[in-house]
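Hi everyone, thanks for coming. Let's bring the structure up.

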Amino acid sequence: MRRIVLYIFLLSFLFSCQSTKKVLPSQKHLIADKAMVVSAHPRASDVGVKIMKRGGNAVDAMVATNFALAVVYPRAGNIGGGGFMVIRLPDGKAKALDFREMAPGKARKDLYLDEEGNVIPGLSTAGGLSIGVPGTVAGLHAAWKKYGRIKNWNILLQPAIKLAKKGFAISKSEARRLNKYQKDFIKYNPGNKVFIKDRWKEGDILKQPELAKTLEIIANRGPEGFYEGEVARAIVKKVKETGGIMELSDLLNYKSKFRLPIIVYYKDYKIISMPPPSSGGIALGQLLHITENYPIEEWGFHSYKTTHLMVEAEKRVYADRAKYLGDSDFYPVPVDKLLDRDYLKDKMADFNFESATPSDYIIPGGFELQKESFETTHISIIDKNGMAVSCTTTLNSNYGSKVIVDGYGFFLNNEMDDFSAKPGVPNQFGLIGSEANSIAPYKRMLSSMTPTIVEKNNAPFMVLGTPGGSTIITSVYQVILNAIDFDMNMYDAVQAKRFHHQFLPDVIMYEKDAFTPEVFNKLQQAGHQFKQVRALGYVKAILVRDDKLEGSGDERNPDDDVSGY
Ligand code: DON
């Protein structure tokens, strides 16, 4: 008997010594009665739901989920990045919160150009010079202060602090990415003990004591704990050591901004989305205004006519994006004109059903296609009172600039690449820009993030958004059409195959099996060019149906998760 007890004791001791654990499974589809969170990680979704169960509203849940993602989804969840949030209050009022990064005060238009005026490759995508002044902590605090219900800010950070301290088992996809970027981590953060490791594998425990300490400082001091004092000094020190130009005054001056959301009407639906410095709301609005003039529900999902129309609309809308869109505090973005129905009809005047209109100018040297990866992240939430929040947040690339703040354990963004370094020269997403999105001190770089809320009959109908760089806008557009025009439920609308055109390069990016062979051939005959990609977007969405909430994560991202009650 004693032997058996000893044996059991030894076994359990060995088991508890193992450094790997089972990864929490994620759930892609759920129907719930009252409240729901869809995020890129099961632990983060759980955190949001728990906050609502203990009396928090959707904004409280959004704040806590975001901090949790900064721990459990370090490739994109963040405190060193920025984002956008669209909020629909229970009384129907709509708000938009901009916590986008901004250029440091010392940034100049020619920041990334050599003496001959050519863009120096890599400077805007990695290392100190790629880092914009982070907005996340200011933004989350501003959202909570104005609309949160939980009295004590500190409570919203506790789950994240616990996850950072105790650690959690990383997923296969996180392990793969951590391995992929080891060289960069070592280059900018020699000696870092948290993220640098010979080989990461699924189930390894990631503990982040330094990040836990930083989150505790933010929990106790609020945004001042981040934008002033020891954390701010450590950020500036590390940015400068890695070649950047950020000063303490940049952090001190950072402010998130409430802005008027973009509101457009599509059929019986009200679409609430993000204004500049995101291009998302305007571009989505333009696409929907163009689409409403054609009976796509009769033509059918991914039929020749529907696809051809959508692609031709996308080309024209992305051409406008390149020319007119940037931070509206610095450039007079013609919002009303761009969304004017007559203007959009004129834009489609040269559209015809037989042939593709070639994107009308070619950039010397041609275009690189956008790389396929999804490094931003989105959270959709509805609470029991019908408050809805849609938030997309990012470090830009996976793990941002790959620069970690020494002693404080978090990655800094590489959002500066979203500026147009030089008119007509594409960024990492193949997007071009012009004066509207040129670099200036304290200016915010143009984004494609499209956190969106759709209303029907003055009640929330859908909450959605996705990562995917330039493809974010067209993914949101397609999921909306899938639910409204093609009558799909939320899960099917999210999983349906997608395609994307962004004016330049003049090519339709598409997922395998997005079209039948007949439709594909016909589109080719009309002059369209194609490039197959692995995936377009990781959409996280909630649909309100028959008084129930139907949530869907994206099967394209193994970590996506819906949680609710
Ligand atoms: O703001 C933007 O549009 C980009 N920084 C988003 C980056 C992104 O979605 C990365 N995923 N591919």
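Let's start with Asp91 and Lys93, whose side chains meet in a salt bridge at 3.1 Å, N to O. By salt bridge I mean a side-chain nitrogen of Lys or Arg within 4 Å of a carboxyl oxygen of Asp or Glu. Before going on, please keep in mind that this is a predicted model, where local features need pLDDT of at least 70 and side-chain atom pairs count only at pLDDT 80 or more, while totals for chains, interfaces and linings use all residues. Residues are numbered from 1 along each chain as its sequence is written, and side-chain values use heavy atoms, leaving out hydrogens and water.

Asp91 has 53% relative accessibility, so Asp91 counts as exposed. Lys93, at 47%, counts as partly exposed.

Now for another pair: Arg444 forms a salt bridge with Asp98, with the closest N and O atoms 3.0 Å apart. Arg444 sits in the loop between strands E11 (388–394) and E12, and Asp98 in strand E4 (residues 94–99), so this pair ties together parts that are 346 residues apart in sequence. Strands (E, at least two residues) and helices (H or I, at least four) are DSSP runs, numbered from the N terminus. Arg444 is buried at 2% relative accessibility, and Asp98 is buried at 0%. Both belong to a network of salt bridges that also links Lys257, Arg259 and Asp329.

Glu455 and Arg88 also meet through their side chains in a salt bridge, 2.7 Å from N to O. Glu455 is in strand E12 (residues 452–456) and Arg88 in strand E3 (residues 82–88), so here the parts tied together are 367 residues apart in sequence. Glu455 is buried, at 4%, and so is Arg88, at 3%. How many salt bridges are there by this rule? The count comes to 33.

Last, the helices. Helix H14 (residues 304–324) packs with helix H17 (residues 472–484) at an angle of about 140 degrees, their axes 12 Å apart. Axes here are lines fitted to C-alpha atoms, for helices over the stretch in contact, and angles run from 0 to 180 degrees between N-to-C directions. In the contact (heavy atoms within 4.5 Å), Met310, Glu314, Tyr318 and Arg321 of H14 meet residues of H17 including Ile473 and Leu481.

Key
Buried means under 20% relative accessible area, exposed over 50%, partly exposed in between (1.4 Å probe, protein chains only).
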